[in-house]
Amino acid sequence: GKSLLDLIQENDIANVEEILTYSAEAKEPFVEMESVVFHQQRHEVVMDMSGTPILDEQDRVCGYRGIGRDITERKLVEDEFIKAKNSLQMRNRFNHTLVHSTSELELFTEICQLMVEIAGYCFAWVGLLNDTTQDVKPVAHFGEEEEHLALINSTWVNLDSGEAPTMTAIRTEKPVVQNIWENFIFQLGEQTTLIRNYVSTL
């Protein structure tokens, strides 16, 4: 047979192990532990699990007894609610910022802050196109690292550097989403970009 950990998503194993270890050492139940697990048909479901350690004659934990509930549908509804709530909050904050900002720089900076704090992005920046040099100069940002702007300026936004995301967005006047891991455009900057756990750009 398989253990619970055999069914858990790899990125969640450490968290589940920590909960089970504490439960075993304290000989106390664990309650409402949520985790994504693989169903028998190998599709993913979200489970809410509670369990109580089983003790042998030497008072050692030899197993668990408990229950698990499939809460996948509930989580999907919650996720959609959170998205809708964040979208509404983003729109209200944006309208407030648009009305009350006293300068273009303040407006750009606060929009970047909204993208990080409400939309959930790690890093946001605004750049302006220089028609003479065909470079995009970052003028406002909010997020994790200021030195990241140097990487952006050198490898992402020069219009002569190929089909970089910024160049494509400017040329087509449409949003561009690219996977950093798969796109060769980011090859020059991958050591500094990927080490920050950025996997995509919009």
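A salt bridge is a side-chain nitrogen of Lys or Arg within 4 Å of a carboxyl oxygen of Asp or Glu. In this predicted model, Asp48 and Arg69 meet that description, with N to O at 3.4 Å. The structure holds 8 salt bridges and 1 aromatic pair.

**Salt bridge between Asp48 and Arg69**

- The side chains of Asp48 and Arg69 are joined by a salt bridge, and this pair links distant parts of the chain, with Asp48 in strand 2 and Arg69 in strand 3, 21 residues apart.
- Asp48 counts as buried because its relative accessibility is 6%, and the limit for buried is under 20%.
- Arg69 has a relative accessible area of 43%, so Arg69 is partly exposed.

**Salt bridge between Asp59 and Lys27**

- Asp59 and Lys27 form another salt bridge, in which the closest N and O atoms are 2.8 Å apart.
- Asp59 sits in the loop between strand 2 (44-55) and strand 3, while Lys27 sits in the loop between helix 2 and strand 1, so the pair ties together parts that are 32 residues apart in sequence.
- Asp59 is partly exposed, with a relative accessible area of 40%.
- Lys27 is also partly exposed, at 39%.

**Further salt bridges**

- Arg60 pairs with Asp56 in a salt bridge whose closest N and O atoms are 3.3 Å apart.
- Asp56 has a relative accessibility of 27% and therefore counts as partly exposed.
- A network of salt bridges links Glu34, Arg74, Lys75 and Glu78.

**The aromatic pair and Tyr64**

- A pair of aromatic rings is described by the distance of the centres and the angle of the planes.
- The structure holds 1 aromatic pair, formed by Phe30 and Tyr64: the centres are 5.7 Å apart, the planes are at 65°, and the arrangement is edge-to-face.
- This pair links distant parts of the chain, since Phe30 belongs to strand 1 (residues 30-38) and Tyr64 to strand 3, 34 residues apart.
- Phe30 is buried, with a relative accessible area of 10%.
- Tyr64, found in strand 3 (residues 61-70), is partly exposed at 32%.

- Ser23 lies in helix 2, which covers residues 13-26.
- With a relative accessibility of 1%, Ser23 counts as buried.
- Leaving aside residues up to four places away in sequence, Ser23 touches Glu28, Pro29, Phe30, Pro53 and Tyr64. Both members of the aromatic pair, Phe30 and Tyr64, are therefore among the residues that Ser23 touches.
- A polar atom of the Ser23 side chain lies 2.4 Å from the backbone oxygen of Glu28.

**Helix 6**

- Helix 6 spans residues 165-172, and its buried residues are Pro165, Thr166, Met167 and Thr168.
- Just after helix 6, Glu173 takes a positive phi of about 60°.

Note on methods. Residues are numbered from 1 along each chain as its sequence is written. This is a predicted model: local features need pLDDT of at least 70, side-chain atom pairs count only at pLDDT 80 or more; totals for chains, interfaces and linings use all residues. Side-chain values use heavy atoms; hydrogens and water are left out. Helices (H or I, at least four residues) and strands (E, at least two) are DSSP runs, numbered from the N terminus. Buried means under 20% relative accessible area, exposed over 50%, partly exposed in between (1.4 Å probe, protein chains only). A polar contact is a pair of N or O atoms within 3.5 Å; within protein, one must be able to donate a hydrogen and the other to accept it, and residues adjacent in sequence count only if both atoms are side-chain atoms. Contact means heavy atoms within 4.5 Å. Rings of Phe, Tyr and Trp (its six-membered ring) pair if their centres lie within 6.5 Å; planes under 30 degrees apart count as stacked, over 60 as edge-to-face and the rest as tilted.
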